[in-house]
Amino acid sequence: MARAIWKGAISFGLVHIPVALVSATSSHGVDFDWLDSRSMDPVGYKRVNKVTGKEVTKEHIVKGVAYEKGRYVVLSEEEIRSAHPVSTQTIDIFSFVDAEQIPLQNIDTPYYLAPDKRGGKVYALLRETLSKTNKVALARVVLHTRQYLAALMPLESALVLVKLRWPQEVRGLDELELGSEVTKPQLAKGELDMAKRLVQDMSGDWSPEDYKDEFEDKIMALVEKKAHEGKIEDVETVGGEEERKSADVIDLTELLKRSLGGKAPAKAKAKEKPASKAAPARKTKKASGA
């Protein structure tokens, strides 16, 4: 399996499904690094005072939020940290909705979810339940100190977590100021018929193997050509990866019946309480070195 970028559990009612989060996408764009043409040393970004043009050292940099034009409120690192949501290592489901109700413009980044630590059966139970009911699960999850709205969706034999944009991050269509010629068009039948025929003539099947980034192909072909000609420069680089910690979450499949028996109907106003009751039942401790 691909490297997990986060481990925790899906939580709804008193049920916890151990899962590992794996990126469903990868970036293949050409990565251009800055180099000093005189020495071929890597070139980094400097912190520069935009007024004086002079470099500013790290200890003299503070973080501010623009309150009015030209006026900022400065916040300390402690104040910023206190505003971060508490990382619970759980994907807290609070509602189930029809997938069609989620606007296209709210959909952001997809991730695969894989079962972890004996969670396969209850993982399959949630996937099948979503498939049979044609529902998706709305949830909240904290990744890298930031809270996200997310949707859990079944995909063949797996579950997918899709990060959603918060409603306040999505602009309304009214910003386009569309005129009546667009919103209430007067189109002749002949025009529509010709447009439909054109669509039919150009229709085909989804063939992802046929779709390629031609720019990347051309750049990499040029790189290969110059490399074979011996036009390669040696550059010293320093890299490293920081490992992420995750919680050891216990599989509590048997709590599904208890969740149904002691829970109020899944309404928007009552959706938070069941999740909060789950914490005492879990008795979860962070595994040492996890």
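## Exercises on a predicted model

At 37% relative accessibility, Glu77 counts as partly exposed, because that class lies between buried (under 20% relative accessible area) and exposed (over 50%), with a 1.4 Å probe and protein chains only. The model is predicted, so local features need pLDDT of at least 70 and side-chain atom pairs pLDDT 80 or more, while totals for chains, interfaces and linings use all residues. Residues are numbered from 1 along each chain as its sequence is written, and side-chain values use heavy atoms, without hydrogens and water.

**Exercise 1. Find the salt-bridge partner of Glu77 and say which parts the pair ties together.**

Step 1. Apply the cut-off: a side-chain nitrogen of Lys or Arg within 4 Å of a carboxyl oxygen of Asp or Glu.
Step 2. Glu77 is in helix α1 (residues 77–83) and Lys63 in strand β3 (residues 63–68), so the bridge ties parts 14 residues apart in sequence. Helices (H or I, at least four residues) and strands (E, at least two) are DSSP runs, numbered from the N terminus.
Step 3. Check the partner's surface. Lys63 is partly exposed too, at 47%.

**Exercise 2. Describe the bridge between Glu169 and Arg146.**

Step 1. Take the distance. The closest N and O atoms are 3.1 Å apart.
Step 2. Locate the ends. Glu169 sits in the loop between β9 and α3 (180–183), Arg146 in strand β8, and 23 residues separate them.
Step 3. Classify them. Glu169 has a relative accessible area of 39% and is partly exposed; Arg146, at 41%, is partly exposed.
Step 4. Arg171 and Glu175 meet at 4.0 Å, N to O, and Arg171 is exposed at 66%. The structure holds eight salt bridges.

**Exercise 3. What surrounds Lys163, a buried residue without a salt bridge?**

Step 1. Start with its place: strand β9.
Step 2. Look for opposite charge, with Lys and Arg positive, Asp and Glu negative, and His and the chain ends not counted. The nearest such side chain is Asp108, 5.5 Å away.
Step 3. Look for a polar contact: N or O atoms within 3.5 Å, one able to donate a hydrogen and the other to accept it within protein, with sequence-adjacent residues counted only if both atoms are side-chain atoms. The side chains of Lys163 and Tyr111 make one, at 3.5 Å.
Step 4. List contacts (heavy atoms within 4.5 Å). Beyond four places in sequence, they include Asn106, Ile107, Leu143, Tyr148 and Ala150.

**Exercise 4. Which residues touch the most other members of the largest nonpolar core?**

Step 1. Define the core: buried Ala, Val, Leu, Ile, Met, Phe, Trp, Tyr and Cys joined through side-chain atoms within 4.5 Å.
Step 2. Pick them out. Of 24 residues, they are Ile10, Ile17, Ile91, Leu113, Leu126 and Leu152.
Step 3. Trace the suppliers. Elements giving at least two residues each include β1 (6–12), β2 (15–23) and α2 (120–133).
Step 4. Follow one member. Beyond four places in sequence, the contacts of Ile17 include Ile10, Phe12, Val122 and Leu126.
Step 5. Note a second, separate core of ten residues, with Ile102 and Val136 among them.
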